[in-house]
Amino acid sequence: VVNSHVFYPLMKRYYRKTKVTQESLNDVYTLPEWNLSLRLAQSLNVIFCVVMYSGGMPILYLIGALYCFTAYWMDKWCLLRGSCRPPAFKE
């Protein structure tokens, strides 16, 4: 989220006057790719820690539910607004 909504707008503002070719401008204005494997690994790590340690700290069930709720909406928002469109697959 921070990368696509803080870093990239600043990068666009800085590089838009220094780039002179269309190809270099396309690189600046293209949104980053969505890294599904990294995001899934992060979510599974949090869910595993919640399930593992919630026997001793039952409040982790609530924290895990809040994490799943916010992660779902933030991932949805970043996927639709802050990342580039994935390539089309043909069979």
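Where is Gly-82 found? Gly-82 sits in the segment after H4, and I'll come back to that glycine at the end.

Quick housekeeping. This is a predicted model, where local features need pLDDT of at least 70, side-chain atom pairs count only at pLDDT 80 or more, and totals for chains, interfaces and linings use all residues. Residues are numbered from 1 along each chain as its sequence is written, and side-chain values use heavy atoms, with hydrogens and water left out.

Okay, the helix pair. H3 covers residues 36-53 and H4 covers residues 59-81; helices here are DSSP runs of H or I, at least four residues, numbered from the N terminus. They pack at an angle of about 165°, with axes 9 Å apart. That makes H3 roughly antiparallel to H4 (the label is for angles over 145 degrees). The contact, meaning heavy atoms within 4.5 Å, includes Val-46 and Val-50 from H3, and Gly-64 and Ala-71 from H4. By class, the contact has 10 nonpolar, 3 polar and 2 charged residues; Tyr and Cys count as nonpolar, Gly as polar.

Now, the loop between H3 and H4, where you'll find Ser-54. Ser-54 is buried, at 3% relative accessible area (buried means under 20%, with a 1.4 Å probe and protein chains only). A polar atom of the Ser-54 side chain lies 3.0 Å from the backbone oxygen of Val-50. Setting aside neighbours within four places in sequence, Ser-54 is in contact with Leu-60 and Tyr-61.

And back to Gly-82: also buried, at 4%.

Key: Axes fitted to C-alpha atoms, helices over the stretch in contact; angles between N-to-C directions. Helix = DSSP H or I, 4+ residues; strand = E, 2+ residues; numbered from the N terminus. Parallel < 35°, antiparallel > 145°, perpendicular 65-115°, else oblique. Buried < 20%, exposed > 50% of the residue type's maximum accessible area, 1.4 Å probe, protein only. Polar contact = N/O pair within 3.5 Å; in protein donor to acceptor, adjacent residues only side chain to side chain.
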